[in-house]
Amino acid sequence: MLNVALPSIRADLGMSTGELQWVMSAYVLGYGGFMLLGGRAADLFGRRQMFVFWLVVFLLFSGLGGFATQGWMLIVARFVTGVAAAFMTPAGLSIITTSFAEGPQRNRALLIYSGTAAGGFSIGLVAGGLLTSAGWRWVFFAPVVLSALILVAALAVVPKSPRPERTGEGFDILGGLTVTGAIVLIVLGVERAAHATLVQTLATVGGGLLLMAAFVVIERRSAAPLVRLGILRNGALLRANLSGLLFAGGFFGFQFIVVLYLQELRGWSTLETSFAMIVIGIDAILSPLLTPKLVERFGNARVIFGGLVLASAAYALFLPVGSDWTYLAMLPSLVLLGLAFALSYGPLTIAATEGVDEEEQGLAGGLLYTSFQFGSALGLSAVTAVNIAATDAGSASGQLDGYRAALVVPFAAAAIAAVIGAFGLRSGSTAVGGSGDDDTDAPGAVTRIPTPTSARTKNNTDVPVAR
């Protein structure tokens with residue numbers, strides 16, 4: 001709902017393009033930065049408990065965002081709702097993955113889940129346009145009502161589960177704070193690249209990379225790591241996370257620029273913008289109906305690769321956008337992007353959680369959604385930086401040049417994701433759940449078999465077993 005309300009928020013609160021981007025980025029930073037902590041919390045403290053508690057926090061701060069009178073107040077409220085979502089989302093996903101046995105049944109459940117998410121996107125676009133017509137603050141108040149309904153449903157429907165036995169395991173707060181700091185600094189460095197010196201940019205990004213390196217050291221030495229590094233030996237999981245990061249970055253960056261193009265250059269209303277972009281929500285229908293059949297026939301790896309290629313094509317078609325393009329000229333890109341989402345999102349979720357032990361499903365979900373949200377924050381920051389650097393504010397043609405330059409970012413992200421996805425094709429897997437994991441499918445290869453926690457090595461990696 002918020003995407004189409006951004007220009008109205010800018011006008012009311014007097015925010016610059018850089019500040020406006022942080023209304024989106026603050027949420028995805030809180031979301032992506034605390035997602036790993038949220039996933040681990042779900043595994044340690046109970047999935048239902050985490051989902052319900054943080055849903056209440058989400059509800060409260062979404063409402064507070066609607067009362068913001070200055071940009072910084074809105075950004076803070078968005079950050080806290082993002083943190084709440086970071087604890088809710090992996091808990092919700094792991095409720096699904098632990099309720100269905102791995103295989104066709106779980107795959108179908110996850111594809112229905114992704115179709116529901118797509119339906120939310122479509123409804124949100126229209127609802128956002130309608131609510132913004134009445135006042136942008138309603139975009140924050142409406143989720144309060146919806147969250148309250150979800151809370152009642154969760155208490156009534158989601159089954160209670162016993163609190164997991166922690167057997168002395170700690171909660172890796174230091175690891176969580178380190179990786180969050182790393183993500184914040186890296187995104188901040190990218191966002192400020194257009195209006196900061198090279199030294200400042202390198203120092204900010206370098207600080208983020210140092211914190212990321214420190215995070216790895218902390219995880220290797222921790223007795224109860226936030227991320228057991230051995231889980232990254234799963235080739236399909238690693239590809240899914242990298243592809244998800246790039247796909248989300250391209251998708252959110254493209255969406256941000258297109259909304260500004262339609263409303264600020266073309267003068268379209270919020271409602272016109274909503275209905276123009278709703279076609280992307282075609283995946284709400286395709287994800288539960290078409291995608292399961294494609295996964296059954298061709299396997300996850302091929303379906304994901306096809307989606308990433310379609311995303312690249314969608315962005316490429318929009319690159320030469322003109323100041324007087326008709327909606328029909330934009331439509332092929334929007335349709336292809338909806339198809340790309342249908343083919344990529346659900347299968348990426350399957351690939352990222354397949355073959356993972358039940359006690360680490362929260363972690364696997366946290367890794368995937370960290371990748372999605374980190375990618376979103378990077379994509380938004382990158383398109384904003386390029387847009388600001390390439391825009392001549394004194395003319396409409398200069399504004400259009402800025403949009404065209406920024407649109408190269410999502411195209412490049414999707415193209416790189418497609419290259420990464422292509423590595424998953426080597427196994428030739430066609431079965432449901434075929435992950436294309438090159439650690440396990442190559443003849444005569446060393447297979448890494450998940451082992452009980454007690455049998456894992458000191459540096460948190462799995463013991464290799466010759467096949």
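**Notes on cavities and helix packing**

1. Please keep in mind that the model is predicted. Over the whole structure, the search returns two cavities of 30 Å³ or more.

2. Which helices supply the lining of the largest cavity? At least two residues each come from α10 (235-265), α14 (300-318), α15 (327-353) and α18 (408-422). The most are given by α10, with four residues. By class, the lining of the largest cavity has seven nonpolar residues, four polar ones and one charged.

3. Two of these lining helices, α10 and α14, also form a packed pair. The axes of α10 and α14 come within 12 Å and cross at roughly 25°. An angle under 35 degrees counts as roughly parallel, and α10 and α14 are therefore roughly parallel to each other. Their crossing is left-handed.

4. On the α10 side, the contact with α14 is made by Ser243, Phe247, Gly250, Phe251, Phe254 and Val258; on the α14 side, by Leu308, Ala311, Tyr315 and Phe318. The class count for this contact of α10 with α14 is eight nonpolar, two polar and no charged residues.

5. How do α10 and helix α11 (residues 270-277) cross, and at what angle? Their axes come within 10 Å and cross at roughly 135°. That angle makes α10 oblique to α11. The crossing in which α10 passes α11 is right-handed.

6. In the contact between α10 and α11, Gln255, Val258, Val259, Leu262 and Gln263 of α10 meet Thr270, Thr273, Ala276 and Met277 of α11.

7. The crossing of α5 past α16 is right-handed.

8. Which residues make the contact of α5 with α16? From α5 they are Thr89, Pro90, Leu93, Ser94, Thr97 and Thr98, and from α16 they are Gln361, Gly362, Gly365, Gly366 and Tyr369. This contact of α5 with α16 comprises three nonpolar, eight polar and no charged residues. Gly is counted among the polar residues here, and Gly362, Gly365 and Gly366 of α16 are part of the contact.

9. A last point concerns Phe141, which is found in helix α7 (residues 138-157). Leaving aside residues up to four places away in sequence, Phe141 touches Gly63, Gly66 and Phe67. The C-alpha atoms of Phe141 and Phe61 are separated by 9.9 Å, and these two residues are 80 residues apart along the chain.

10. For the written description, two packed helices are described by the angle between their axes and the distance between the axes.

Terms used:
Residues numbered from 1 in each chain as written. Predicted model: local features only at pLDDT ≥ 70, side-chain atom pairs only at ≥ 80, totals over all residues. Heavy atoms only, no water. Left-handed = near helix turned anticlockwise from the far one by under 90°. Contact = heavy atoms within 4.5 Å. 1 Å grid on protein atoms, 1.4 Å probe; cavity = no way out; pocket = protein on both sides within 12 Å on 5 of 7 lines; lining within 4 Å. Points joined across faces, edges and corners; volume = space filled by probe spheres on them. Axes fitted to C-alpha atoms, helices over the stretch in contact; angles between N-to-C directions. Parallel < 35°, antiparallel > 145°, perpendicular 65-115°, else oblique.
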